Amino acid sequence: MIRDAEVLNALVEVVRRFARERLLPAEARVEDENTIPPEIIEEMRELGLFGMSIPEDYGGLGLTMEEEVHVAFELGYASPAFRSVIGTNNGIGSQGIIVDGTEEQKQYWLPLMATGEIIGSFALTEPDIGSDAGSVKTTARRDGEHYVLNGTKRYITNAPVADVFTVMARTGGPGAAGVTAFLVPKDSPGLSLGPIDKKMGQRGTRTCDVIFDNCRIAADSVIGGSEGVGFKTAMKVLNRGRLHISAVCVGAAERLCDEAVRFARERVQFGKPIAEHQLIQAMLADSSTEAFAGRAMVLEAARQFDRGERLIQQAASAKLFCSEMVGRVADRAVQIHGGAGYMQEYAVERFYRDVRLFRLYEGTSQIQQIIIAREMLNA
Ligand code: COS
């Protein structure tokens with residue numbers, strides 16, 4: 001749903017210019033330094049990007065899903081690391097509070113996240129638990145007016161800079177119904193961070209372990225105040241997150257198409273630019289068509305989300321298609337660049353590594369397939 005086309009167009013235009021004029025020139029520096037320059041984070045704050053999906057009542061822009069994916073297309077055009085800085089506050093780091101939090105939790109945390117004053121992070125994955133998210137081993141034991149957490153969370157995006165974590169921990173018996181979601185401030189006694197992970201790509205995005213060793217938190221830290229519904233909270237957060245990631249994949253695919261076209265126009269072989277060779281044109285055409293299909297799919301799914309329809313299958317389909325699609329588009333972009341595509345001075349080399357993650361996080365492609373088939377068979 002687009003509430004006011006003019007207002008949205010103005011926002012999208014500002015973000016488009018910001019991505020192309022500020023973020024693209026900083027990409028190589030982010031890759032080298034493995035960190036996002038503080039002045040860029042400040043500009044993102046000023047643009048309100050930390051609070052895109054946070055309701056206006058709590059200080060955010062309150063974008064609808066359709067409006068948000070339009071902005072995500074633009075941000076996805078630049079290195080994914082930039083989007084990740086604001087990604088957790090808009091997505092998995094805040095959505096648990098938005099969808100299931102108490103009014104008190106919303107009023108305390110959301111305004112701080114909307115301005116980017118604090119960073120939220122989402123801690124579900126563990127050393128032994130990834131796809132089988134209902135089997136979390138981290139425990140939370142009630143002790144008077146506190147809970148005591150024990151366990152380790154792994155590969156947690158933005159953990160090194162996070163101020164508060166949404167933590168899924170076991171309060172009850174086995175399976176999804178024994179999981180509770182907690183809001184755990186970073187300075188809670190017994191919480192520590194592991195060393196920063198060394199990743200294949202997406203340099204500038206930091207992940208690490210979050211370790212709970214008799215970590216003591218107040219009893220009112222349970223999201224929504226009810227035990228045993230944390231897995232469902234996590235799943236609802238991921239439905240929306242998967243759609244957002246799909247939009248980022250589309251933006252990246254469009255960037256890769258532009259990089260491939262630019263190179264194909266400049267590179268001369270057999271006496272003419274390679275863009276005039278039909279086998280190159282075939283690769284360009286396939287990539288552009290697939291990016292367009294992804295864009296159309298994301299927009300349709302976002303409209304369904306805004307209409308309040310059940311979106312589990314469509315979010316999983318969008319994530320499956322768009323993340324696999326951008327992998328194919330990146331591969332062709334490297335192919336069109338030839339040997340140059342293997343060299344770090346070209347953006348396609350970096351994007352090829354960066355987009356690999358999209359098929360893995362917020363549910364692997366195989367998990368999306370399982371979710372889609374289950375929805376089809378249970379209908
Ligand atoms: N949206 C809303 N509710 C959902 C849901 C979704 N996407 N998926 C499951 N639920 C609900 C179910 O409806 C069920 O509710 P009831 O108990 O009222 O029937 C409850 O949650 C338990 O669901 P289910 O029995 O299906 O749990 P499973 O353990 O079988 O779930 C999958 C399996 C694969 C769906 C789940 O573990 C999953 O999504 N794994 C991937 C996790 C992931 O993305 N990890 C990446 C790291 S997080 S960045």
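Y155 lies in strand β3 (residues 146-157); helices (H or I, at least four residues) and strands (E, at least two) are DSSP runs, numbered from the N terminus. This is a predicted model, in which local features need pLDDT of at least 70, side-chain atom pairs count only at pLDDT 80 or more, and totals for chains, interfaces and linings use all residues. Residues are numbered from 1 along each chain as its sequence is written, and side-chain values use heavy atoms, with hydrogens and water left out.

**Backbone angles**

- Y155 is not a glycine, yet it has a positive phi of about 55°.
- Y155 is exposed, with a relative accessible area of 56%; exposed means over 50%, buried under 20%, and partly exposed in between (1.4 Å probe, protein chains only).
- N34, also a residue other than glycine, has a positive phi near 55°.
- N34 is placed in the loop between α1 (5-33) and α2 (38-46).

**Ligand**

- There are 19 residues around the ligand, and S131, K232, N239, R242 and R374 come nearest; a residue counts as near if one of its heavy atoms lies within 4 Å.
- K232 has a polar side-chain atom 2.7 Å from an oxygen atom of the ligand, a polar contact being a pair of N or O atoms within 3.5 Å; within protein, one must be able to donate a hydrogen and the other to accept it, and residues adjacent in sequence count only if both atoms are side-chain atoms.
- From S131, a backbone N or O atom lies 2.8 Å from a nitrogen atom of the ligand.
- In the side chain of R242, an N or O atom is 2.9 Å from an oxygen atom of the ligand.
- The protein buries 68% of the 990 Å² that the ligand exposes when taken alone, by the Shrake-Rupley method with a 1.4 Å probe.
- Two or more residues of the shell come from each of α7 (230-266) and α11 (365-378), and α7 gives the most, with 6 residues.

**Nonpolar core**

- The largest nonpolar core has 44 residues, of which V69, L256, V326, I336 and F358 touch the most other members; such a core is a set of buried Ala, Val, Leu, Ile, Met, Phe, Trp, Tyr and Cys residues joined through side-chain atoms within 4.5 Å.
- Elements that give two or more residues to this core are α3 (65-76), α7, α8 (278-306), α9 (312-337) and α10 (347-354).
- With 13 residues, α7 supplies the largest share of this core.
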